[in-house]
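Here is a short briefing on one protein model. Please read it with the sequence and the structure at hand.

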Amino acid sequence: MVSAKEPAIAMSAGLSVALVHCLCLATCLTVLPGQLRKEERLWPENFTRILDRLLDGYDNRLRPGFGGSVTEVKTDIYVTSFGPVSDVEMEYTMDVFFRQTWVDKRLRYDGPIEILRLNNLMVTKVWTPDTFFRNGKKSVSHNMTAPNKLFRIMRNGTILYTMRLTISAECPMRLVDFPMDGHACPLKFGSYAYPKSEMIYTWTKGPKNSVEVPEESSSLVQYDLLGHTVSNETVKSITGEYIVMTVYFHLRRKMGYFMIQTYIPCIMTVILSQVSFWINKESVPARTVFGITTVLTMTTLSISARHSLPKVSYATAMDWFIAVCFAFVFSALIEFAAVNYFTNIQTEKAKRKAAKSIPEFPATLTQRENCAEEAVTSTDSNSNVRKRTNTTVQPEAANMKRIDTGNSSVPLPPVTQGPPEVMPRSPSASSPNPFSRISISETLASARATPSAPPSTPVLTGYIPQRATAGSPAIHHLLGSRLEQIQTTANTLGSSAKPSAVNPPPAPPPSSSGTSKIDKYARILFPVTFGAFNMVYWVVYLSKDTMEKSESLM
């Protein structure tokens, strides 16, 4: 009995052990996958094995889908800094994150993680697009402190490649409307070697959202960044047709700098040149300084305005404004030259007219007296009167101290015999002669000193009528021909002094002071014309759409 029960006990014990083993095996099979994932996350050797499997037999010289489908590269741009813009070099600079995404089926993997985040060392081991910037003058990839590149491989073989770049690109500018102009600066990129039959570019987030330009990223001083547009085009060349992606950045120039530095100084200079119209035309130095100074100022302003521009062969809007202002300033200087010229001509004509209207007066009174005295002297030397005759006539001559001349009388000094040492002697007589040259001169002086009659009474100045001599037969008998010579000389002197008493003194030539008619017209014409020009200029350019159209919108 005992022996029969022992096998049953042993069998039940074996079944219990087997049941325990089954439970343990089931438990192990349930926990094993999680434990394996945990081990794979913790040990980098597993990633190394994955990468080694991916690169095993991988040829980075061949594009994805070589010999088959076209490789599609999706791109987008994030602008971190935009500017500056150089007008002289016609280029702009910006700092961007340039992203490219494509699918390479050779890099698919089955691993515990969705994305393999790798550094720039993996970039050189796989195929990457040969993207280049067609209008770039200089592009720099940042390498501090390490190459600024991001490379990621996803489980389905999608690759994300991002670089930080500083790009200096060409921006063609047409400066006809400068400084009221606007420009569309393009950024063009595409494949350098693969035509569109092998590789094409598309926008990752669509045309509207694939380029991001935050407001804080703009570092422009002379421009406002209005926005951007994107487009793509096909470029044909000898080696094939290539897809070119283009981004247009729309810029409008700010006018504040040019208003302060150019426009306002030009306007003030023109106004200053027109101030000279209100200065007297005789102030030649002042008006000349005004004209020359304003012309030199306009020349300096035009040269300084050109420093911030390229040497284009056409005239800009600012050039036209400066040229018109220069013409106004130069015209003001020419206007003063015309005023001065015509003023001198009028003065000369007035002087010649005044000279023709003044009669030619006879010789001066002094010259006439000298001629009369010479005539008396010559007569005295030819006819000498004896000393005894002078003594006989002296009482009668003393009684007749005045000679009646009708309404007035001419005083005659008494004829006396002077001392021998005072009276001149005649060359033919040794005794002094009372009717010598000195006595006759004194007689003529007394005749000239006679006060004139009232205006209502006619006066014959210096004229001795025949009635005076007729009433003095003794004097006439005594003097004879000498008295006639005295009368002739007195009449001559009186006739020479008469015109000066009747005719007024010649009037001085007319003064050239005052305002010229040219100045009067210029005071109105110049400001009105300049104001009209400014009105037309600013209305035309401020209302004109000066923004350049991008090729995608044309």
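Two strands pair if DSSP finds at least two bridges between them. Helices (H or I, at least four residues) and strands (E, at least two) are DSSP runs, numbered from the N terminus. This is a predicted model: local features need pLDDT of at least 70, side-chain atom pairs count only at pLDDT 80 or more, and totals for chains, interfaces and linings use all residues. Residues are numbered from 1 along each chain as its sequence is written, and side-chain values use heavy atoms, with hydrogens and water left out.

**Sheet**
- An open sheet has 4 strands in the order β4-β8-β12-β11, with antiparallel pairing.
- β4 (131–133) and β11 (223–237) are the edge strands, and each pairs on one side only.
- On average, neighbouring strands of this sheet are turned by 20° against each other, direction ignored (axes are lines fitted to C-alpha atoms; angles run from 0 to 180 degrees between N-to-C directions).
- β4 and β8 (residues 182–191) run antiparallel and are joined by 3 bridges.
- Phenylalanine 132 has glycine 190, in β8, as its bridge partner.

**Confidence**
- Mean pLDDT (the predictor's confidence in each residue, from 0 to 100) is 75 for the protein.
- Of its residues, 63% reach 70 or more.
- Residues 375–441 stay under 50 in pLDDT. The model has 91 contacts (heavy atoms within 4.5 Å) beyond four places in sequence for them.
- Residues 496–502 also stay under 50. For these, the model has 4 contacts beyond four places in sequence.

**Helix**
- Helix α3 spans residues 256–275 and contains methionine 268.
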